[in-house]
Structure formats: C-alpha cells, structure tokens
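Dear colleague,

Please find below the structure that I am handing over to you. My notes on what was found in it follow directly after.

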Amino acid sequence: MSVKELPPVHDCAVEGCSYNADHECHAGAINITGTEAGCGTFIDISVSGGLPTATAMVGACHRTDCTHNDHLECHADSIRVGPGADAADCLTYQVA
C-alpha cells in the first residue's frame with residue numbers, strides 16, 4: 001500500500017484534540033493503538049497542531065483483530081474517530 005492509498009480520517013468528533021479543526025483531523029497521519037482501538041495521535045493541549053489544510057490518513061493500525069487490518073495497515077475506505085471507551089477511539093474498528 002502506498003501513502004496515497006492510505007484511508008483518510010473521514011470525521012473526528014473529539015472536541016479536545018489539538019489536531020481537530022471543524023471535525024477534520026489535521027495531523028499528517030494517525031496510528032490506532034491500545035486495547036480500545038484508541039487514536040494514538042490524540043493530544044489534549046491548548047496548542048493547535050497539524051497541517052493547515054490536510055486531512056489525516058491512517059498511518060498504522062496495531063489492532064490485528066480488526067476486520068479492516070491487513071499486515072498492520074487499515075484497509076477501510078475511511079475511518080471515523082470519536083469518543084468511545086477512551087476520549088479518542090477508532091469508531092470504524094470491527095472485530096474480525
């Protein structure tokens with residue numbers, strides 16, 4: 001999979017994340033990690049970060065039990081991030 005083929009973060013509903021601007025993730029890429037498919041790029045500080053116009057891609061997914069995961073890469077068309085078990089979780093995560 002090339003960088004251009006990585007799935008985008010379609011929507012981010014995490015209001016406290018420094019990369020979130022108008023429900024769009026402006027990080028260059030995010031990683032999905034942890035026991036609850038959390039967004040490993042989530043940062044809750046008062047400084048805005050990220051790229052001015054970019055929408056993040058899913059750089060890596062550590063959840064090998066997800067149906068969209070193939071060799072630690074996400075193969076969903078796009079993902080949504082929002083509050084779940086943690087403040088910022090991949091809401092597209094599905095157990096295979």
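The second largest cavity in this predicted model has a volume of about 70 Å³. Its lining is formed by Val 9, Cys 12, Val 14, Cys 17, Tyr 19, Cys 25, Ile 30, Cys 39, Thr 41, Phe 42, Val 81 and Ala 88. By class, eleven of these residues are nonpolar and one is polar, with no charged residue present.

A search of the whole structure finds two cavities of 30 Å³ or more. The largest cavity holds about 90 Å³ of space. Its lining comprises 14 residues, and those nearest its centre are Cys 61, Cys 66, Cys 74, Cys 90 and Tyr 93. This lining divides into ten nonpolar, three polar and one charged residues.

Cys 39 counts as buried because its relative accessibility is 13%, where the cut-off for buried is under 20%.

Cys 66 is buried, with a relative accessible area of 7%.

Turning to annotation, the unreviewed UniProt entry places the feature "domain: DUF1540" at residues 12-42 and 61-92. Over residues 12-42 the chain is 39% strand and 0% helix, and the C-alpha atoms at the ends are 11 Å apart. Over residues 61-92 the chain is 34% strand and 0% helix, with the end C-alpha atoms 12 Å apart.

Finally, a word on confidence. The protein chain has an average pLDDT of 93, and 100% of the residues score at least 70. Confidence is lowest in strand β2 (residues 20-21), at a mean of 92, and highest in strand β10 (residues 89-90), at 98. Where pLDDT is low, predicted coordinates should not be read in detail.

Yours sincerely

How values were computed:
Residues are numbered from 1 along each chain as its sequence is written. This is a predicted model: local features need pLDDT of at least 70, side-chain atom pairs count only at pLDDT 80 or more; totals for chains, interfaces and linings use all residues. Side-chain values use heavy atoms; hydrogens and water are left out. Buried means under 20% relative accessible area, exposed over 50%, partly exposed in between (1.4 Å probe, protein chains only). UniProt positions are given in the numbering used here, feature names are shortened, and annotations may be inferred rather than shown by experiment. Helices (H or I, at least four residues) and strands (E, at least two) are DSSP runs, numbered from the N terminus. pLDDT is the predictor's confidence in each residue, from 0 to 100. On a 1 Å grid over the protein atoms alone, a cavity is a set of points where a 1.4 Å probe fits but cannot get out, and a pocket is an open set with protein on both sides within 12 Å along at least five of seven lines; lining residues have an atom within 4 Å of a point. Grid points are joined across faces, edges and corners, and a volume is the space filled by probe spheres set on the points. Ala, Val, Leu, Ile, Met, Phe, Trp, Tyr, Cys and Pro count as nonpolar, Asp, Glu, Lys and Arg as charged, and the others, Gly among them, as polar.
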